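My notes follow in the order of the look-ups.

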Amino acid sequence: MVVKRSTERTEKEVEYTRLRIPFGPVHPALKEPVLLRISVRGEEIIDVDMTLGHVHRGIESLAEGRNLIQTLYLIERICGICSHSHTTCFIQALEEIGSIIPSERALYLRTLIFEMERIHSHLLLLGVMAYEIGFDTLFMFTWHVREKILDLFEKITGNRIHHAMNTIGGVRWDLTSQMAGEVKAYMREIEKSTKYIHSAFTDGTVEKRICNLGVLDYNDAIKLCVVGPTARGSGVNIDVRKDHPYAAYDELKGDFSVITRKDGDVYARTEVRIFEVFESINIIKAILDRLPNGSIRPEENVFRIMKRIPEGEAVSLVEAPRGELLYFVKTDGKGGLIRLKVRTPTFSNLLSLKRMLVGCEIADIPVIVASIDPCLSCTNRVTIINQEKGKSKVIDMDSLRRMVRRKWMRR
Amino acid sequence: MKSPWIFHLNTGSCNGCDIEIVAAFTPRYDLERFGCLLVGSPRHADVLLVTGPVTRQMLPRLIRVYEQIPEPKVVVAVGTCASSGSPFLGSEMVEGPVDRIIPVDAYIVGCPPRPEAIARGIIMAVMSKFR
Amino acid sequence: MDAAIAFLISPPAVLLISLLFEGIDRKIHARMQKRIGPPVTQPFYDLIKLFSKERIVPITASARVFETMPMIAAAVSLLGASILLSNILSGSSVIGDLILVMYLLAMSSVALMIGGSASGNPYGVVGFSRKMSMMIAYEIPMFIAIISVAFGSSPSLAINNIIRFQISLGLPLAASRPSMALAAATFLLCMPAAASVVPFDIPEAKTEIIYGFLIEYGGPYLALAKIAKAVSNFALTLLASAVFLYVPLLLGENVLLNLGISLSLCLIESLLIMFVTITVPRTVLARLKIGQAFKFYWMLPLILSISSIILSSVGL
Ligand code: SF4
């Protein structure tokens, strides 16, 4: 008798051999909650399912009940890593509606903080990558370097994380010449350290862990509409700073180039980030060399400016550290908002995770997830829609105050 | 108690507080010199650091993590969000602040608080609870 | 020293020293990362705290297995280490030989593994399967290395005979013949995996599977698991220093007679071995994947150990 062995596994067998592992929402590799439901066979990942919304705080809906200045500080708190990108994007939309043109110096300062934030964000991510692959020493080193950027932030804006630099029509803090010197000196230091980090990422066990992993090729990148370093790591040449220059990038165009890599693996994405740090350092140096003189904002009293913003709508784009960030703003002409819509880069990038993860091992999940640099607090802000009534709820300032009071009374 | 092990739970924070907590373990601040460790499983932890205003989806997780931590335990609310809920107060999706859900032993305010403040808050909370 | 007394004082001494070693390891690790680091006595504080915490057994766990396994793990590794130490202390080998020690140490990880997989947590299961493959990867070369010692020295596996043999040679075993050098190299290469530290902490990877089989253990159980780990790490380093590189004999006869000096030399040496095989790798390397670790162990150490056993059987 000839026993024919089928090489194909039946459905049932697959069902038996797979183990479902929840990755998150509370997991040490994730600093923010997301739930990936992962099915594995042995160590191999065969399916990924994603659940979002754990950080959903209803910011868009809250914003619609507050005035513009309050909203400015609210959306700064969408994300602690790219807060300046969010405010810049928002302010740009407002300035477009109100046809306010900030002074050159203000634009340059905005750009300066923007690029410092990019360095900060990229270094943070490089540290996290090192942490995910169990390389604690590199993580410690990278975050130690990052502290220097935070010091600069503190010197310039008075705050380490939420800089509160932007205001309608300009910026809130000026850069003294002494500060400028310090920034320059620090930049040299950071350049050196980043070179060292790069060499650490290219050697031995680190390279083994991140090369040829989580590959997203050019066509998939285009199809899935990924943005930012994730796209550039797959060879897609997009960068809002070049394509639709904003702030002072128009004049700084010649001072930086867009970094792209072809491989589309985790290493390529990491390398894109490392080299973007160098580009950012170049931009900062150019800014400090050419910083124009002038006032930094049109008027002390922001409320007067706020009142001047008419009814209208605008779309604004910036290149946040993680990619293209889009805001749609619709004002009501009375200092408030009718609609705010934020489309964050992580939202575009998250879907590509599935393509990257399937076929890899459990051990690769943290690295791959980190490699697209997910910023989930950015992503999770869908407007609240009351399912029963089928309409979105908008809370006005008064009822908000009332609610706050009630809340405090209840306690 | 000389070895508070810390579990960090993000209940919808903006990341600012989370990175400051991690920063508190990096060389400049080095919380480990007080014996603190950032652990990944609530079963190992003594101190629960909560950041964020507690969104609706994270509410059951918060309670579950709190219950998973073996007694005696300390809860520290890090950041203005976790302490009082602002600026997210009034949102439909926010169930916080944290002390409406679980008992909190210490509040560290600031948006975000500095790593020094976080270190001090943790140490003081542990000291007062365990003596 | 009398064997009975030696065996009586060994367990507490082992516990003390191994925790101290862990503290030193953590301190050096921190200093290498430009941090101040915890005090050297930190592991003691950790244990005291863990023992005073509430015991929780998850409902998904099979309680008996889950509860007893950490105790078995701690007891077994403590026993293994004490046999080793009391052999060195007493200068006689009545109690046990190398194979027994190795077996006890391996058993302690197996016990933890089983306990963790009984927790009902999927990460525990993944940790179990990972540890299983890791053990196959490193235990085989390690055992072959130990067996080739038996071929090489006086055909005995009694620890004391090996030490005597080294003394009579006037050379540490690793320096006596090429085969023994290979065996020693194999043993040292297997150390990081046996201690499960980065790059081979795959079964306990924090960022991947949240400590694997330790995930559900808390309080006293975790303390026992920690003891088991610290003690078996110490036992391995002591084993390496006593069997392969017994340095006290380099200082001549009169030093050998003084138990205190030779013992402390031995301990200092195992501290050095720990630094080289545990602290340094875990500071300067990144974690490997299970396939890569497997490949590494079945390439280098396995070949080394097999060539060592072939060489030693032909008398080299
Ligand atoms: S307190 Fe501030 S920094 Fe902390 S989570 Fe809330 S908004 Fe972010």
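Cores. I looked up the largest nonpolar core of this predicted model. The largest core holds 124 residues, and A:F90 and A:Y327 have the most contacts inside it. I noted that helix α5 of chain A, residues 104-132, gives the largest share of this core, with 17 residues. I then listed the partners of A:Y327, leaving out neighbours within four places in sequence. A:Y327 is in contact with A:I75, A:I78, A:H86, A:C89 and A:F90, with A:A314, A:V315 and A:S316, and with A:L340, A:K341 and A:V342. Apart from this core I found another, of 111 residues, which includes B:L48 as well as C:I17, C:Y138 and C:A228.

Chain C. I counted 13 helices and zero strands in chain C. Of its 316 residues, 59% are buried. For contacts between residues at least 6 apart in sequence, I noted that 81% join residues at least 24 apart.

Chain B against chain C. I found 24 residues of chain B in contact with 29 residues of chain C. The two chains bury about 2,100 Å² between them, and carbon and sulfur atoms give 53% of that area. On the chain B side, B:W5, B:R43 and B:H44 supply 29% of the area buried against chain C, more than any other three residues. I counted five salt bridges between chain B and chain C. I looked up B:E32 and C:R35, whose side chains meet in a salt bridge at 2.5 Å, N to O. Polar contacts between chain B and chain C come to 13 residue pairs, both residues at pLDDT 80 or more.

Key: Residues are numbered from 1 along each chain as its sequence is written. Chains are lettered from A and ligands numbered from 1 in the order in which they are written. This is a predicted model: local features need pLDDT of at least 70, side-chain atom pairs count only at pLDDT 80 or more; totals for chains, interfaces and linings use all residues. Side-chain values use heavy atoms; hydrogens and water are left out. Helices (H or I, at least four residues) and strands (E, at least two) are DSSP runs, numbered from the N terminus. Buried means under 20% relative accessible area, exposed over 50%, partly exposed in between (1.4 Å probe, protein chains only). Contact means heavy atoms within 4.5 Å. A nonpolar core is a set of buried Ala, Val, Leu, Ile, Met, Phe, Trp, Tyr and Cys residues joined through side-chain atoms within 4.5 Å. Buried area is the accessible area (1.4 Å probe) that two parts lose on being put together, summed over both. A salt bridge is a side-chain nitrogen of Lys or Arg within 4 Å of a carboxyl oxygen of Asp or Glu. A polar contact is a pair of N or O atoms within 3.5 Å; within protein, one must be able to donate a hydrogen and the other to accept it, and residues adjacent in sequence count only if both atoms are side-chain atoms.
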